[in-house]
Every structure is written in C-alpha cells, then in structure tokens.
Amino acid sequence: MTLKSKLPGVGTTIFSQMSQLATEQQAINLSQGFPDFAANPRLVSALAEYSAQGLNQYAPMPGIAALREQIAVLVQRCYGRAVCQAEEITVTSGATEALFVAISATVNPGDEVIIFDPAYDSYAPAIQLNGGSAVHIALNAPDYRVNWQQVAAAITPRTKLIVVNSPHNPTGMVFSQADWLALQQLVSAHNLYCISDEVYEHMVFDGAVQLSANNFAELAARSFIVSSFGKTFHVTGWKLGYCVAPAALTAEFRKIHQYVTFSSFTPAQYAIADMLKQHSEQVRSLAAFYQQKRDNFATLLANSRFKLLPCQGTYFQLADYSAISELDDVAFCRWLTIEHKVAAIPLSVFYQTPPQSRIIRFCFAKQHSTLQAAAEALCQL
Ligand SMILES: Cc1ncc(COP(=O)(O)O)c(C=O)c1O
C-alpha cells in the first residue's frame with residue numbers, strides 16, 4: 001500500500017536537519033530559533049506550582065479566562081486596541097497551530113494566498129493542505145522591503161488572503177507605518193483577509209515604535225493576529241501562543257481549533273497569566289535585552305569576513321559570506337557545521353525561487369558565552 005502524499009514536495013525541515021547535524025557534530029547551534037538560556041525562574045516555578053495544585057486537566061477550549069484577560073490588557077497597552085477576551089482571543093498550542101487554524105479557516109480550494117519570500121516554512125504547506133495556492137513575492141537583500149505595487153499587481157479575483165510577518169523571520173525587517181497603511185489599503189480595497197504573524201512583536205530595536213495590525217482598525221477588522229509566548233518568555237517548548245481576531249472570524253477559527261487540539265497546556269496558561277499580570281516588565285524589557293545581544297554579536301564579528309545585514313527586529317542576524325566562500329548557502333552551512341562547529345541556516349530554503357546570494361541566518365538568542373565561542377570560530381574564516 002502506498003499512501004498518496006498530500007505534501008509530496010515536503011521533507012524534514014531544514015531546522016530539524018541543521019539542529020540534528022549540530023548535535024552530531026557537537027557544533028554551536030545558532031541555527032534553529034530558540035534561546036539557550038533559562039526562562040524567568042518565577043515562570044518555571046509557577047508552572048510547577050499550578051501543576052502541583054492539580055491544574056492538569058483540559059483547559060477551556062478558547063483558553064483560560066485569566067490568560068485571555070491578560071492578553072487583552074497587553075494588546076490594549078501595546079497598541080491601544082480594546083479586544084474582547086470572550087469573543088476575540090483564542091489561546092493556541094503555539095503560533096504554529098494558530099497559523100494553521102487561521103489558514104484553514106480562510107482558504108478554500110482554488111483560493112490564492114500572497115506570501116512573502118523568504119517565508120516562514122509553515123505557511124505554504126498549510127495553504128496547500130487546504131487546496132489553495134501560495135503566490136510567492138520575493139523580498140530582496142539588503143533591506144528586504146515590500147514593494148506594495150508589486151503586491152497590488154499580484155492580486156487576482158482568486159486572491160483571498162495575504163500573510164505578513166513583521167518583525168520578519170529570517171531577515172529582521174520590520175514594517176514601517178507606511179507598510180501597514182499600504183497593506184490595510186490593499187486588504188480593504190480588494191476585500192481580502194490578512195494573517196499577521198507577529199511572534200517577534202516585542203523585539204523591535206533602535207527605538208523604533210512597535211506597530212501591529214492591531215494599530216490599524218480597518219486592517220484589524222479583517223485580520224487574524226498571531227503571537228507566541230514561547231518567543232516572548234523564552235519557553236519555545238511550551239508551545240503556547242494565541243490568535244486575536246474579530247468575533248466572526250474567531251468563531252470560525254475556534255471551530256477548527258477545537259478539532260485540531262481542543263485546548264492547550266493548562267498549567268502553562270496559568271503560569272503565563274501570572275507573569276503577564278505581575279511581571280509585565282519582562283515583556284517591556286525584551287527589546288532592550290535582544291538589542292544588546294544583537295549589538296554584542298555584531299561587535300564580536302566585527303573582525304570577521306562576514307558582512308552583517310541590517311537587523312531591525314527578531315533574534316536573527318543575516319550574514320553575507322561571499323568574501324569567505326563560493327559554496328552555495330546549503331553547502332556552506334553544512335561545511336560550517338562540520339568543519340568549524342557552528343550551525344546556521346541557509347537563506348535559500350525560505351524561498352520558492354532562491355536568489356543568487358550567499359547569505360545565511362544566525363540566531364543570537366544565546367548566552368554571551370555561546371555567541372563568543374561561535375564568533376571565535378567565525379572570525380577565523
Ligand atoms: C515567523 C514565525 N512564526 C511562527 C513561529 C512559530 O511559533 P511557535 O513556536 O509559537 O509555534 C515561528 C517560530 O520560529 C516563527 O519564526
């Protein structure tokens with residue numbers, strides 16, 4: 001018997017491949033995007049305490065009310081938008097689940113969805129599984145800005161949805177006010193939906209104002225806005241995220257969420273609700289925390305032959321290695337891991353049609369000692 005694959009073009013993700021190679025080679029892993037430092041001890045003990053108290057059974061399908069209330073407070077504080085915790089917020093098993101559910105709620109067979117390459121790897125397969133087709137628009141080095149005229153030209157009568165991601169993984173590009181307004185204009189004028197993947201929302205650097213689809217009322221009225229506590233609280237393994245969307249969209253979202261997972265990790269919801277309520281300074285200080293890591297990493301690499309690209313947000317740093325090697329980026333990353341014991345991610349894997357560039361992505365969500373050891377190896381090249 002052979003099962004007809006629904007995703008024939010998909011194999012093991014590059015993130016799993018590079019992390020596995022990094023482990024085999026005992027290399028410093030700057031490939032996959034996760035911190036190598038501990039979460040706030042208060043958060044970790046709150047999880048243990050809630051579990052010890054017996055809060056280990058199914059949470060309510062949309063998430064516990066205490067957490068949804070704190071998400072509403074956060075959205076109000078960061079973006080000045082009032083959202084109803086009962087009808088407009090759903091807690092999910094990571095942003096990954098929220099993205100999958102939002103795409104499933106919107107995309108019907110034959111629909112087109114605009115996504116921007118380099119794109120986070122879960123968007124296109126989710127679109128394909130729902131019978132839609134991804135229309136890829138390439139963003140280019142060095143600043144990876146969106147050309148909104150090109151986006152307007154790509155819209156057809158079959159276009160249903162635009163997926164955006166700001167701050168952007170892997171490039172570190174952050175939408176300006178003008179970008180958000182252009183997106184809002186297109187989405188309204190063409191009667192589209194938007195999924196705004198904002199998992200790095202609290203990591204915007206150099207004093208820039210952190211903007212969100214939540215700031216733009218017409219856009220927010222047509223958007224599923226997705227975020228991740230894994231990124232914000234250094235607990236990617238807890239897989240806890242959420243989706244903010246108007247009541248009518250949330251109703252459809254929840255119909256699917258309840259059959260994908262029903263509800264998410266209960267004690268973690270209580271622990272995160274406490275953190276948001278009692279220690280919201282952790283969210284406020286995140287941008288400065290990661291900006292310092294970005295700057296330290298850049299200083300450590302100042303004498304290397306890597307050319308660092310601009311990084312306005314996220315915890316990723318792109319680097320051009322054309323002064324070091326003529327290998328393509330996949331081969332270069334393998335070579336770097338095996339021969340020099342530092343793992344990174346090739347940029348080409350985020351593109352449908354990769355550009356002819358020699359650029360790789362490093363994750364700087366690492367302890368200073370990790371970044372220092374990696375930089376020592378990288379400066380020898
Ligand atoms: C752009 C983007 N969206 C979504 C996710 C998934 O987030 P989560 O770990 O909460 O599922 C990631 C994780 O790397 C990401 O980089």
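Predicted model: local features only at pLDDT ≥ 70, side-chain atom pairs only at ≥ 80, totals over all residues.

Trainee: Okay, how many helices and strands does the protein chain have?

Mentor: Going by those runs, the protein chain has 16 helices and 13 strands.
The globule rule gives 21 Å for 381 residues and the chain's radius of gyration is 20 Å, so the chain is as compact as a globular protein of that length. As for burial, the share of residues that count as buried is 46%. So much for the background; the count you asked for is 16 helices and 13 strands.

Trainee: What share of the contacts with a separation of 6 or more comes from residues 24 or more positions apart?

Mentor: Contact here means C-beta atoms within 7 Å. Among the protein chain's contacts with a separation of 6 or more, the share from residues 24 or more positions apart is 74%.

Trainee: Now the ligand. Which helix gives the largest share of the shell around it?

Mentor: The ligand has 14 residues around it, with Gly-94, Ala-95, Thr-96, Asn-169 and Ser-228 the closest. By class, that shell splits into nine polar, three nonpolar and two charged residues. The largest share, three residues, comes from residues 94-106, which is helix α5.

Trainee: Let's look at α2. What do its buried residues pack against?

Mentor: Helix α2 (residues 41-52) has twelve residues that should span 16 Å at 1.5 Å a residue, and its end C-alpha atoms are 16 Å apart, which agrees. Its buried residues are Leu-43, Ala-46 and Leu-47. They cover an arc of only 100 degrees around the axis, which puts them on the same side of α2. What these buried residues pack against is residues 266-278, helix α12.

Trainee: And which residues are exposed on the other side of α2?

Mentor: An α-helix has 3.6 residues a turn, so residues three or four places apart point the same way. On the other side of α2, the exposed ones are Pro-41, Ser-45, Ala-48 and Ala-52.

Technical notes
Residues numbered from 1 in each chain as written. Near = placed C-beta within 6 Å. Helix = DSSP H or I, 4+ residues; strand = E, 2+ residues; numbered from the N terminus. Nonpolar A, V, L, I, M, F, W, Y, C, P; charged D, E, K, R; others polar. Rg over C-alpha atoms; globule rule 2.2 N^0.38 Å. Buried ≥ 20, exposed ≤ 12 C-beta atoms within 10 Å, placed from the backbone. Contact = placed C-beta atoms within 7 Å. Expected span 1.5 Å × (residues − 1). Arc of directions from axis to C-beta.
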